[in-house]
Amino acid sequence: MTVFNIPPSFILFAGAVLVSFIPGKLKNIFTIIVPLIALYWITQLQDLATFKVLVFDGFPTAELLRVDGLSKIFGIIFTLNAFVAMIFSFYLKDNTQHSMALAYIGGALGVVFSGDAMALYIHWELMAIFSALLILANRTPQSFAAARRYFLVHIVGGLLLLAGILLHYQNTGSLAFNSFSYETFGSSPAVWLILIGVLINAAAPPLGSWLPDAYPSSSVTGGVILSAYTTKTSVYVLARAFPGWEPLLWIGCAMSIYGIIYALLENDMRRILAYSIINQVGFMVTAVGIGTAMALNGAAAHAFCHIIYKSLLWMSAGAVLYRTGKSKCTDLGGLYKTMPLTMILGTVGALAISAVPLTSGFTSKTIILSAASHEHMAWVWFILEAASAGVFLHAGIKFPYFVFFAKDRGLRPKEAPISMLIAMGILAFLCIGLGVYPQPLYNLLPFEMEPYNAYHAGHVVAQMQLLLFSALVFFLFLPWLKRTDTISLDFDWFYRKGAKSFYAFFDYSLNGANRIAHRLFVDGMTTNVSSFAQNGCSNVVLFFLKPAWKLQGFSSEVISRKSEKLQITLGKGTLTSGFGLSWVLTVMAILAAAALIGR
């Protein structure tokens with residue numbers, strides 16, 4: 001084993017621990033260097049390299065490192081994006097955000113390099129913990145509530161994933177995490193539990209409203225970091241384990257349309273971008289559902305490009321939020337006057353996500369569309385083309401138009417800090433560079449396929465027609481697309497409101513039963529037994545003595561005094577030996593009589 005066969009996630013985890021001990025600006029420089037080291041580390045990993053550890057006695061070892069083309073392409077973009085994101089956050093002085101971000105990215109790297117289901121689950125849960133803490137690090141009431149909901153949703157997803165893994169292990173005796181054939185495992189409850197757990201992290205509706213709930217509640221830096229990893233690790237796992245699963249076609253197409261509808265309805269710029277993530281991940285999930293080598297390469301390429309242009313969009317939105325403190329489209333507008341560089345760089349990201357030719361989105365998204373066409377999936381191709389038009393409406397035009405142009409609200413903020421502009425500039429360069437010359441990206445693709453030319457005349461003409469028609473529709477229907485200060489209800493309404501009803505129902509039923517049991521057993525039976533244990537002896541003795549005292553002619557007052565004195569004496573345990581002996585003989589006589597009668 002060479003030194004480079006150590007999992008690259010260890011580098012990020014070590015950085016997360018050390019960052020708190022580094023003072024001042026050195027800390028910010030350190031957070032930039034850590035992912036750069038991990039990026040170099042990944043490029044040096046040899047295919048088929050492994051790294052195994054024993055987690056539990058009597059349980060198979062966890063394989064923390066498996067290197068192949070699929071894990072490498074995700075590892076490269078994860079660390080590259082982390083490097084640029086840390087440049088963007090150079091202004092930040094918060095140890096918590098730096099530490100949680102590095103640990104979260106480490107968990108994501110752990111997932112994509114996991115060689116078996118146990119290693120994957122461990123890193124999956126680490127991601128959930130550190131991402132929730134990253135949301136919480138914004139330290140606002142909104143982020144606290146969102147982090148709590150986010151954590152609960154991902155705990156449920158993690159438990160489903162774990163249940164599926166354990167059931168699969170029980171059924172097969174193996175923790176190998178490779179492709180599950182739909183024909184073989186399509187009826188396996190264990191594998192379906194794994195799939196549902198993964199789809200929760202992919203933000204598939206109706207299980208994905210956690211994403212637009214949580215990400216916009218995070219800090220400026222937190223939103224940039226979060227946008228890149230959780231959903232894309234899910235795409236990786238789907239590509240690894242579920243290629244060719246037909247249900248993913250339907251789920252992916254639903255995601256692509258669902259994300260557009262809600263993004264068009266939204267007023268908050270970061271919620272627009274959050275729903276746009278769901279839309280774009282829908283393309284990738286659909287590609288996994290197609291399952292061919294071209295489609296899987298399209299999913300990997302689109303994930304790679306999506307992380308770049310989506311981070312760029314979140315950075316531009318974050319820069320606006322950082323300078324203005326506002327996130328709603330109804331509060332923004334006219335910012336091109338004082339934030340022109342942010343506007344230009346953000347617009348590059350908007351063009352890339354819209355798959356405009358000569359941008360990275362075009363060179364990756366067309367692979368998925370071509371894969372659908374090659375497999376003669378006309379309905380899939382049609383839905384994805386319609387979704388592409390919707391992307392241009394909500395992210396390509398709506399986002400930059402309402403944030404930087406539209407009605408001038410009189411805001412005159414400064415241009416974004418230089419570190420933010422440098423980070424956005426790097427990503428904008430990659431958006432254009434991979435659009436003009438996509439071959440370096442294509443060289444990273446994990447599966448063998450015939451050489452692909454994105455700039456086929458038919459691709460370019462069809463895409464330009466689609467984009468121009470979408471732009472025309474936007475401006476023709478602009479009066480209906482103008483936003484108002486409203487909120488849109490999503491599936492999270494059911495667990496936001498339904499959870500209260502759920503809690504109230506069980507509070508009334510279970511706690512009600514608990515109160516009844518308390519009255520019957522604690523206040524009732526226990527009290528009576530305790531009282532009998534304390535006074536039972538004297539009561540039994542007086543039961544026999546009182547009639548005897550009456551026969552002797554004692555008055556009621558005397559009997560009452562004698563009864564009180566006897567109770568005190570019995571309570572102290574100070575009876576005379578003669579009285580005790582007579583009482584024992586009496587009890588023995590009663591028992592003897594009972595025995596004779598029983599015969």
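Reader: How do the residues that line the largest cavity divide into nonpolar, polar and charged?
Author: In this predicted model, local features need pLDDT of at least 70 and side-chain atom pairs 80 or more, while totals for chains, interfaces and linings use all residues. A cavity is a set of points on a 1 Å grid over the protein atoms alone where a 1.4 Å probe fits but cannot get out, and lining residues have an atom within 4 Å of a point. Ala117, Ile165, His168, Ser174, Leu175, Ala176, Phe177, Phe180 and Ile194 form this lining. Counting Ala, Val, Leu, Ile, Met, Phe, Trp, Tyr, Cys and Pro as nonpolar, Asp, Glu, Lys and Arg as charged and the others, Gly among them, as polar, the division is seven nonpolar, two polar and no charged.

Reader: And what volume does the largest cavity have?
Author: The whole structure was searched, and one cavity of 30 Å³ or more turned up. With volume taken as the space filled by probe spheres set on grid points joined across faces, edges and corners, the largest cavity comes to about 30 Å³.

Reader: Which element gives the largest share of the lining of the largest pocket?
Author: A pocket is an open set of points with protein on both sides within 12 Å along at least five of seven lines, and the largest one has a volume of about 690 Å³. Its lining has 33 residues, with Gln142, Pro216, Ser217, Asp268 and Arg271 nearest the centre. Two or more residues each come from α6, α9, α12 and α21, helices being DSSP runs (H or I, at least four residues; strands are E, at least two) numbered from the N terminus. The largest share, four residues, belongs to α21.

Reader: Which residue forms a salt bridge with Asp68?
Author: A salt bridge here is a side-chain nitrogen of Lys or Arg within 4 Å of a carboxyl oxygen of Asp or Glu, and the count comes to six. Residues are numbered from 1 along each chain as its sequence is written, and side-chain values use heavy atoms, without hydrogens and water. For Asp68, the closest N and O atoms are 2.6 Å apart, and the partner is Arg240.

Reader: In the salt bridge of Asp94 and Arg139, is Arg139 buried or exposed?
Author: The two side chains meet at 2.7 Å, N to O. Asp94 is in the loop between α3 and α4 and Arg139 in the loop between α5 and α6, so the bridge ties together parts 45 residues apart in sequence. Buried means under 20% relative accessible area, exposed over 50% and partly exposed in between (1.4 Å probe, protein chains only), so Asp94 at 14% is buried. At 55%, Arg139 is exposed.

Reader: What kind of ring pair do Phe78 and Tyr229 make?
Author: Rings of Phe, Tyr and Trp (its six-membered ring) pair if their centres lie within 6.5 Å, with planes under 30 degrees apart stacked, over 60 edge-to-face and the rest tilted; there are 21 such pairs. The centres of Phe78 and Tyr229 are 5.0 Å apart and their planes at 70°, so the pair is edge-to-face.
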